[in-house]
Amino acid sequence: MAKVSFTTALQNEYQTLFDTCQVNPAKRSEVDRLATRLLASRGRYQEVGDDLGIPWQVIAVIHTLECAQDFNLHLHNGDPLTARTVRVPKGRPADGEPPFDWAESAADALRLRKLPQWDDWSVAGMLYCLEGYNGWGYRLYHPDVKSPYLWGNSNHYSSGKYVKDGTWSASAVSAQCGAATLLRRLAEKGAAVDEPARSAQFAYAPTKVTPRGAELQRFLNGFTGIYLREDGKLGEKTSSAFHQVFGHYLQGDPRA
């Protein structure tokens with residue numbers, strides 16, 4: 001998939017950056033607007049993602065960065081659906097005739113990037129795929145600058161960008177909201193992005209230690225305003241935090 005290996009160190013870096021990501025105050029209303037629009041279109045993203053085994057949030061943020069959330073454009077690169085793509089990747093989709101259906105073209109773009117073959121949809125796994133989707137130029141050649149494709153509009157990015165293919169400017173500033181910044185805001189709005197925590201069937205258990213319970217509490221502690229003891233006992237406070245992030249209480253909670 002990439003020139004950069006998905007090492008444990010890189011996974012830890014992604015998770016730490018995501019856990020500490022904060023939207024720049026001046027951009028908060030814009031990021032909220034983008035997140036609200038993605039949530040409203042969740043069904044369209046899920047239709048594509050469910051068939052390919054890709055979380056809808058990944059498709060949603062790619063659609064934001066590549067197409068400004070316009071369903072009349074190819075997910076590949078933002079070219080119009082009225083013809084095959086003209087820019088790189090050129091001539092997509094190879095099959096069918098224009099005008100193309102957005103979902104079919106989106107599926108072609110994701111298959112072309114081999115995202116359906118990826119099987120780690122943790123936060124770190126998502127961010128690895130998204131950074132690779134845009135390219136590894138920042139990490140390989142300008143490691144002092146966090147990729148704005150991921151971290152634009154957040155506390156992790158201030159300046160430096162490729163103003164065009166192969167042309168670097170240290171002073172230029174990306175105005176685009178980064179994919180990770182937007183994923184973080186979606187998570188804060190209840191659209192959880194951590195696949196293992198999202199899919200696991202945790203149950204309310206205030207008096208006994210639950211397998212992976214401490215892992216769940218550690219994940220929840222990454223969200224603003226949540227402070228849990230990571231003891232694996234999934235009681236009222238953990239269930240309330242779970243509700244804050246996922247939109248529902250733990251199974252068995254009397255409040256459920």
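A salt bridge here is a side-chain nitrogen of Lys or Arg within 4 Å of a carboxyl oxygen of Asp or Glu. I keep in mind that the model is predicted.

**Entry 1: the count**

How many salt bridges does the structure hold? I found 11. Side chains of opposite charge can pair when their charged atoms come close. I looked up several of these pairs in turn.

**Entry 2: Glu 13 and Arg 139**

I began with Glu 13, which forms a salt bridge with Arg 139. Their closest N and O atoms are 3.1 Å apart. This pair links distant parts of the chain, 126 residues apart. Glu 13 is in helix α1, residues 8–19. Arg 139 is in helix α7, residues 137–141. I then checked accessibility. Glu 13 has 27% relative accessibility, so I noted it as partly exposed. Arg 139 counts as partly exposed because its relative accessibility is 23%.

**Entry 3: Asp 79 and Arg 87**

Next I looked up Asp 79. Its salt bridge partner is Arg 87, with 2.7 Å between the closest N and O atoms. Is Asp 79 buried or exposed? It is buried, because its relative accessible area is 6% and the cut-off for buried is under 20%. Arg 87 is partly exposed, with a relative accessible area of 45%.

**Entry 4: Arg 185 and Glu 188**

I moved on to helix α9, residues 179–188. Arg 185 and Glu 188 meet there through their side chains, in a salt bridge of 2.9 Å from N to O. They are three residues apart in this helix, so about one helical turn separates them. Arg 185 counts as buried because its relative accessibility is 18%. Glu 188, with a relative accessible area of 31%, is partly exposed.

**Entry 5: Val 58**

Last, I turned to Val 58. I placed it in helix α4, which covers residues 56–67. What is Val 58 in contact with, leaving aside neighbours within four places in sequence? I listed Leu 115, Trp 121, Met 126 and Leu 130. I also looked up one distance: the C-alpha atoms of Val 58 and Leu 115 are 10.0 Å apart. In sequence, Val 58 and Leu 115 are 57 residues apart.

Definitions and conventions: Residues are numbered from 1 along each chain as its sequence is written. This is a predicted model: local features need pLDDT of at least 70, side-chain atom pairs count only at pLDDT 80 or more; totals for chains, interfaces and linings use all residues. Side-chain values use heavy atoms; hydrogens and water are left out. Helices (H or I, at least four residues) and strands (E, at least two) are DSSP runs, numbered from the N terminus. Contact means heavy atoms within 4.5 Å. Buried means under 20% relative accessible area, exposed over 50%, partly exposed in between (1.4 Å probe, protein chains only).
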